[in-house]
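Open the model in your viewer and keep the selection tool at hand. The tour goes stop by stop.

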Amino acid sequence: MPSVLTTLDQSMRQLAPESAAAATAATIDAVIDAAVQQLNHRPREKLGDRYRRLRRQSQLIAEPLSAEDCCVQAMPDASPIKWHLAHTTWFFETFLLERFQSGFAPFHPQFRMLFNSYYEGVGAKFPRPQRGLLTRPALEEVMAYRAQVDERMLLLIDALEADGADPDTGSQQAQLKDFLALLELGMQHEQQHQELMLTDIKVLLSINPLQPAYQPLPASMQLNDPVELELQWHRIDAGVVEIGHTGSGFCFDNETPRHRQFVEAYQCASRLVNNAEYLAFVEAGGYEDASLWLSEGWEWKKQQDLNHPLYWRPAGNGRWREFTEYGLQPLQPHRAVVHLSYYEADAYARWAGARLLTEAEWEHAAARLQGQGREFFGVAWQWTSSSYAPYPGFAAAPGAVGEYNGKFMVNQYVLRGSSSATPLNHARLTYRNFFPATARWQVSGIRLARQA
């Protein structure tokens with residue numbers, strides 16, 4: 001299966017030169033939307049190769065950073081990069097090696113406690129808000145931890161592939177099934193942390209008055225504002241829709257079971273709200289108008305003294321800059337506005353005479369519109385008005401692994417799609433992301449809806 005970039009390149013070469021030069025962002029987004037869907041159905045590569053590539057990607061994310069960068073924690077909701085590198089390793093050691101490796105011995109006995117995130121069934125945990133105080137182990141020891149666990153994991157995986165995955169007994173088949181399920185969960189878990197690594201280091205660097213870049217802007221690259229596209233509305237009729245995961249591919253437990261919901265007729269915006277539109281909200285006094293805000297959101301906004309998105313910086317004369325992975329850059333009017341809380345998204349929607357989609361509407365619209373709808377994937381997670389709750393019939397798995405999602409189903413909202421920080425083959429139609437209403441450090445944006 002070709003990559004997103006290959007698919008895009010082939011599509012663009014099929015156009016006449018003058019057409020290619022004038023290709024709109026909508027065409028590109030349609031190709032990306034289709035490619036993201038294809039990535040979830042590509043032929044399976046060897047497990048060992050996939051594991052190696054996945055683990056290498058986390059280290060590539062950390063490569064531009066200093067040891068000091070990797071140790072600091074910007075806020076209680078974020079984690080140091082060093083902790084992410086260790087915790088994802090802890091997952092494989094704790095849930096796979098400890099169970100399946102003959103003669104298992106931990107890399108370091110205290111790592112079981114230091115890098116446990118929230119699994120009560122595993123034992124004691126180091127307090128999350130204090131992860132930035134862990135100057136020891138040093139980054140070098142964390143990397144040695146990763147290397148040793150990878151070596152042991154690959155021995156198991158390579159042995160599995162060499163044996164042809166053909167166990168002799170029913171108990172062996174059950175063990176193999178459990179191993180493969182936990183291995184897949186561990187790799188998907190690390191992809192989640194790869195996205196968190198990017199968003200956590202961004203908020204850390206943004207606090208520094210030097211406004212340092214995560215990486216330099218390549219000399220051959222320009223951050224050009226995309227073509228302005230008119231916001232259009234797609235009508236979707238009322239009816240009973242099915243949402244939730246189906247098929248044999250991977251999903252997290254919170255995406256199941258597939259079930260039916262009734263939705264009234266509604267209209268779905270053809271693209272995400274952009275910076276220019278959100279700037280109009282800011283300049284119109286949207287952050288000072290209590291009538292636009294939910295009560296809790298208004299109190300939170302006042303306490304935080306907020307009057308613009310997280311990474312916007314005033315540049316004088318009505319101009320703005322935005323803190324990006326390349327440092328401070330001019331605000332690009334037609335790019336999607338990102339790093340918004342649920343409260344900000346909801347207030348903007350009310351100001352615009354619209355509302356946020358429910359998650360059932362979002363999933364149904366994304367499936368129906370395909371290339372007609374823009375930016376469903378790969379740009380920004382999209383806030384929905386749906387509280388994060390279990391689907392009808394949901395049951396958490398037994399044991400510590402069952403703590404992965406179910407126990408967080410309270411006081412949070414669902415986001416759908418994927419963002420520019422999400423690994424491409426991690427996105428899918430039924431993915432349910434979730435954060436509290438105040439979260440701004442994730443790459444989150446707005447897709448509007450209104451009644452038909």
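In what order do the four strands of the open sheet stand? The order is β11-β10-β9-β12, with mixed pairing. This is a predicted model: local features need pLDDT of at least 70, side-chain atom pairs count only at pLDDT 80 or more, and totals for chains, interfaces and linings use all residues. Residues are numbered from 1 along each chain as its sequence is written, and side-chain values use heavy atoms, with hydrogens and water left out.

**The sheet**

Select β11 (433-435) and β12 (444-445). Both are edge strands with a single partner strand each, so one side of each has no neighbour in the sheet. Strands here are DSSP runs of E, at least two residues; helices are runs of H or I, at least four residues; both are numbered from the N terminus. Two strands pair if DSSP finds at least two bridges between them.

Three bridges join β10 to β11, and the two run antiparallel. Tyr-413 has Phe-435 in β11 as its bridge partner.

Now show helix α13 (residues 359-369). Helix α13 lies across β9 (381-387) and β10, at about 10 degrees to β10.

Go to Glu-375, in the loop between α13 and β9. Glu-375 is not a glycine, yet its phi is positive, about 65 degrees. Glu-375 is buried, at 8% relative accessible area. Buried means under 20% relative accessible area, exposed over 50%, partly exposed in between (1.4 Å probe, protein chains only).

Then pick Asn-411, in the loop between β9 and β10. Asn-411 also is not a glycine and has a positive phi, of about 60 degrees. Asn-411 is exposed, at 69% relative accessibility. Most residues other than glycine have a negative phi, and most peptide bonds are trans.

**Cis peptide bonds**

Select Arg-136 and Pro-137: a cis peptide bond joins them, with omega about 0 degrees. Pro-137 lies in the loop between α7 (111-114) and α8. Move to Thr-256 and Pro-257, also joined by a cis peptide bond, with omega about -5 degrees. Pro-257 is in the loop between β2 (239-243) and β3 (259-263).

**A buried arginine**

Select Arg-152 in helix α8 (residues 139-162). Is Arg-152 buried or exposed? Arg-152 is buried, at 9% relative accessibility. Leaving aside neighbours within four places in sequence, its contacts (heavy atoms within 4.5 Å) include Glu-93, Gln-101 and Phe-104.

Terms used:
Axes fitted to C-alpha atoms, helices over the stretch in contact; angles between N-to-C directions.
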